[in-house]
Amino acid sequence: KGELPSPAEARMMDAILTSSVDHGVTPPSSLATRTVVSGGNPLNAAVAGGILTIGDTHGGAIEQCARILQEWAPKEGDAESVAQELLDDLSSRKMRMPGFGHRLHKTDPRTIRLFEMADELNFSGKHQNLARAVEKVFAERGKALPINVDGAIAAVISDMGFDWRLGKGFFIISRTVGLVAQAYEERTREKPMRKLGMSDYEYDGPAPRELDS
């Protein structure tokens with residue numbers, strides 16, 4: 001933003017970046033980083049390889065959710081009525097609301113803490129209000145889709161005045177920390193050119209053919 005952060009902004013930024021640090025070897029960025037190291041490449045190439053896998057389906061939800069929140073939050077009406085209109089609009093276009101739902105958590109604990117800190121540090125605003133309203137409307141419609149950490153980050157950075165186009169940037173900065181550790185661990189603890197990824201598969205392509213003489 002071209003400005004030095006206030007103490008409150010620094011605390012909020014620290015929490016946002018910490019909440020997305022990677023915590024496993026299964027995401028595409030982790031696998032890519034380890035694969036590049038296993039091929040005999042240096043640390044910077046391995047981390048770059050991992051970052052290059054970050055896209056719309058891996059790390060893109062923050063940007064996508066922030067874009068929607070920033071488009072809809074300024075609309076007239078209370079947050080719940082705007083949320084109703086928003087979800088109806090997405091449904092009519094057969095689109096999902098990014099930043100909602102979690103494979104493991106009914107309530108994402110990271111979301112709870114980020115929103116608590118936003119309240120404490122006076123960063124709560126119309127974008128978080130809309131996100132909470134969307135969660136409520138989902139529940140009223142019989143869909144238990146909690147705000148996940150990506151949605152929480154999208155709402156908080158929007159209320160902090162960050163453009164939605166920086167969304168992936170927050171994820172990239174967070175994940176770089178873990179990718180460095182993934183690369184180092186792969187280099188120091190595993191054998192080069194080891195088998196990564198799928199191990200149980202069956203060929204289902206074209207049948208063998210005779211080459212023309």
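**Exercise 1. Helices α4 and α7**

Task: In this predicted model, determine how α4 and α7 are oriented to each other, and which residues meet where they pack.

Solution: Begin with the geometry: helix α4, residues 61-72, packs with α7 at an angle of about 105 degrees, and the two axes are 10 Å apart. An angle from 65 to 115 degrees counts as roughly perpendicular, and α4 and α7 are therefore roughly perpendicular to each other. Next, list the residues on either side: α4 contributes Leu-69, Gln-70 and Trp-72, which meet His-127, Leu-130 and Ala-131 of α7. Sorted by class, this contact has 4 nonpolar and 2 polar residues, and no charged residues.

**Exercise 2. A serine in helix α8**

Solution: Ser-158 belongs to helix α8, which spans residues 149-159. A polar atom of the Ser-158 side chain lies 2.7 Å from the backbone oxygen of Ala-154.

**Exercise 3. Helices α1 and α6**

Task: Find the relative direction of α1 and α6 from their crossing angle, and describe the residues in the contact.

Solution: The axes of α1, residues 7-19, and α6, residues 109-120, come within 10 Å and cross at roughly 170 degrees. Since angles over 145 degrees count as roughly antiparallel, this crossing makes α1 roughly antiparallel to α6. On the α1 side the residues are Arg-11, Met-12, Ala-15, Ile-16 and Ser-19, and they meet Arg-110, Leu-114, Met-117, Ala-118 and Glu-120 of α6. By class, the contact of α1 with α6 comprises 6 nonpolar, 1 polar and 3 charged residues.

**Exercise 4. Aromatic pairs**

Task: State how many aromatic pairs a search of the whole structure finds, and characterise each by distance and angle.

Solution: The search finds 2 aromatic pairs. In one, Phe-100 and Phe-138 are 5.7 Å apart centre to centre with 55 degrees between the planes, a tilted arrangement. Phe-100 lies in the loop between α5 and α6 whereas Phe-138 lies in helix α7, so this pair ties together parts that are 38 residues apart in sequence. Phe-100 counts as buried at 5% relative accessibility, and Phe-138 counts as buried at 8%. The other pair, Phe-162 with Phe-170, is edge-to-face, at 5.3 Å centre to centre and 85 degrees between the planes. Both Phe-162 and Phe-170 are buried.

**Exercise 5. Helix α2 and positive phi values**

Task: Identify what the buried residues of α2 pack against, and then examine the positive phi angles of Gly-40, Lys-94 and Asn-122.

Solution: In helix α2, residues 28-38, the buried residues are Ser-29, Ser-30, Ala-32, Thr-33, Arg-34, Val-37 and Ser-38. These buried residues pack against α3 (43-52) and α9 (167-189). Just after α2, Gly-40 takes a positive phi of about 95 degrees. Lys-94 has a positive phi of about 55 degrees although it is not a glycine; Lys-94 sits in the loop between α5 and α6 and is exposed, with a relative accessible area of 78%. Asn-122, likewise a residue other than glycine, has a positive phi near 65 degrees; Asn-122 is found in the loop between α6 and α7, where its relative accessible area of 68% makes it exposed.

Key:
Residues numbered from 1 in each chain as written. Predicted model: local features only at pLDDT ≥ 70, side-chain atom pairs only at ≥ 80, totals over all residues. Heavy atoms only, no water. Axes fitted to C-alpha atoms, helices over the stretch in contact; angles between N-to-C directions. Helix = DSSP H or I, 4+ residues; strand = E, 2+ residues; numbered from the N terminus. Parallel < 35°, antiparallel > 145°, perpendicular 65-115°, else oblique. Contact = heavy atoms within 4.5 Å. Nonpolar A, V, L, I, M, F, W, Y, C, P; charged D, E, K, R; others polar. Phe/Tyr/Trp six-rings, centres within 6.5 Å; stacked < 30°, edge-to-face > 60°. Buried < 20%, exposed > 50% of the residue type's maximum accessible area, 1.4 Å probe, protein only. Polar contact = N/O pair within 3.5 Å; in protein donor to acceptor, adjacent residues only side chain to side chain.
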